[in-house]
Amino acid sequence: MMNVHELAAACGFTYFNGKELEARPVEGAYCCDLLSWVIGRAGDQDALVTVMSNPNVIAVAVMADLPCVILTEGVRPDEKALEKARENDVIVLSSSEPTYATALKIGKVLAG
Amino acid sequence: MEPIILKYQVDGSDFSMAGEASSSVKKTLKQLGFSPDLIRRVAIAMYEGEINMVIHADGGEATVEISQSGVRIILADHGPGIKDVALAMQEGYSTAPDEVRNLGFGAGMGLPNIKKYSDDLKVETELGVGTTLTIQINT
């Protein structure tokens, strides 16, 4: 199975946080901006793909034990979110493309 | 193992920082060597409960009892109480304000998510007095 760093390299995502962190396996992605849906439904090997960039996104990734957060549309995390990601060792990636295009790319790469 | 009891005050003033208690419990369970599956279920259920306390009740108290057989989370607040518990247990029903929805919450998934990830959920509530959730998650 592909890990987060391999996925980032293959899809051309850049890092907001966690380039040096140990990469966990990624099996798929969960695309959603409603965090209560994410925490209830994302699998623990799903990358979270979202435009939400507040600290709660990082908290949800920690609680649901997600391997990484991918912010789409070039959205930048706010400073509090970034701080929380650093404290909790959460890998946060950036995609310049919209969520749908990002998900297609991830799907293609993961399918090999 | 002797049961461990942890107590937290959940600060209701800063929604963006909600989850401190859940985060601390998650770390403790990891140190104690519980399975990743149990830790994940506890973290999700407790975080949703914490978020609810911050949204609706301006915070509250969390008590977590950890034993060999599992984790019991008691979340007590002095908020307005839940008018219709059956309705609040339905996915999609929410009374959360707009500013909370703008942050990605308030989709009416809190209590349903807690139920989904726990083995037992007890909701005791009285209008104008407060709500206590008792969440049991077994190993």
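Modeller: Gladly! Let's begin with what counts as an element: helices (H or I, at least four residues) and strands (E, at least two) are DSSP runs, numbered from the N terminus. With that in hand, look just after helix 1 of chain A, where A:Gly12 takes a positive phi of about 75°. Please keep in mind that this is a predicted model.

Biologist: How far does the predictor trust it, and which ipTM and pTM does the complex get?

Modeller: The complex comes with an ipTM of 0.89 and a pTM of 0.93 from the predictor. For chain B, the average pLDDT is 95, and 100% of its residues score at least 70.

Biologist: Back to helix 1 of chain A, then. Which of its residues are buried?

Modeller: The idea is to count neighbours: a residue is buried if 20 or more other C-beta atoms lie within 10 Å of its own, exposed if 12 or fewer, and partly exposed in between. In helix 1 (residues 4–11) of chain A, the buried ones are A:Val4, A:His5, A:Leu7 and A:Ala8. Look down the axis of this helix and these buried residues fall within an arc of 160°, so they line one face of the helix. Their packing partners are strand 5 (92–94) and helix 5 (99–111) of chain A.

Biologist: What sits between those two partners, in the loop from strand 5 to helix 5 of chain A?

Modeller: A:Ser96 lies in that loop. A:Ser96 has 13 other C-beta atoms within 10 Å and is therefore partly exposed.

Biologist: Now the sheets. In what order do the strands of the chain A sheet stand?

Modeller: When reading a sheet, ask who pairs with whom; two strands pair if DSSP finds at least two bridges between them. In chain A, 5 strands make an open sheet in the order 1-5-4-3-2, with mixed pairing. Strand 1 (14–17) and strand 2 (28–31) of chain A stand at its edges with a single partner strand each, so one side of each has no neighbour in the sheet. From one strand to the next, the twist averages 30°. One pair to look at is strand 3 (residues 46–50) and strand 4 (residues 69–71) of chain A, parallel over 3 bridges. Here A:Leu48 stands opposite A:Val69 of strand 4.

Biologist: You mentioned a glycine with positive phi. Which residue other than glycine has a positive phi of about 60°?

Modeller: A:Asp65 does, and it lies in the loop between helix 3 and strand 4 of chain A. A:Asp65 is partly exposed, because 18 other C-beta atoms lie within 10 Å. A:Glu73, also not a glycine, has a positive phi near 60°. You will find A:Glu73 in the loop between strand 4 and helix 4 (79–87) of chain A. With 14 other C-beta atoms within 10 Å, A:Glu73 is partly exposed.

Biologist: And chain B: is the pairing in its sheet parallel or antiparallel?

Modeller: Antiparallel, in an open sheet of 5 strands ordered 1-2-3-5-4. Strand 1 (4–11) and strand 4 (120–126) of chain B are at the edges, each with a single partner strand, so one side of each lacks a neighbour in the sheet. Neighbouring strands are turned by 10° against each other on average, direction ignored.

Biologist: Can you take me across that sheet, strand by strand?

Modeller: Start with strand 1 and strand 2 of chain B, joined by 8 bridges, where B:Ile4 has B:Ile66 as its bridge partner. Next, 8 bridges link strand 3 (residues 70–77) to strand 5 (residues 130–138) of chain B, with B:Thr134 as the partner of B:Ile74. Helix 1 (residues 20–31) of chain B packs on the sheet, touching strand 1 and strand 2 of chain B. Helix 2 (residues 36–57) of chain B packs there too, touching strand 1, strand 2, strand 3 and strand 5, and its direction makes about 175° with that of strand 5 of chain B.

Biologist: Last one: how many residues of each chain are in contact with the other?

Modeller: Contact here means C-beta atoms within 7 Å. By that test, 18 residues of chain A touch 19 residues of chain B. On the chain A side, helix 2 (35–41) and helix 3 (55–63) are the elements giving two or more residues. By class, that side has 10 nonpolar, 4 polar and 4 charged residues.

Technical notes: Residues are numbered from 1 along each chain as its sequence is written. Chains are lettered from A and ligands numbered from 1 in the order in which they are written. This is a predicted model: local features need pLDDT of at least 70, side-chain atom pairs count only at pLDDT 80 or more; totals for chains, interfaces and linings use all residues. Axes are lines fitted to C-alpha atoms, for helices over the stretch in contact, and angles run from 0 to 180 degrees between N-to-C directions. Two residues are in contact if their C-beta atoms, placed from the backbone, lie within 7 Å. Ala, Val, Leu, Ile, Met, Phe, Trp, Tyr, Cys and Pro count as nonpolar, Asp, Glu, Lys and Arg as charged, and the others, Gly among them, as polar. pLDDT is the predictor's confidence in each residue, from 0 to 100. The arc is that of the directions from the helix axis to the C-beta atoms.
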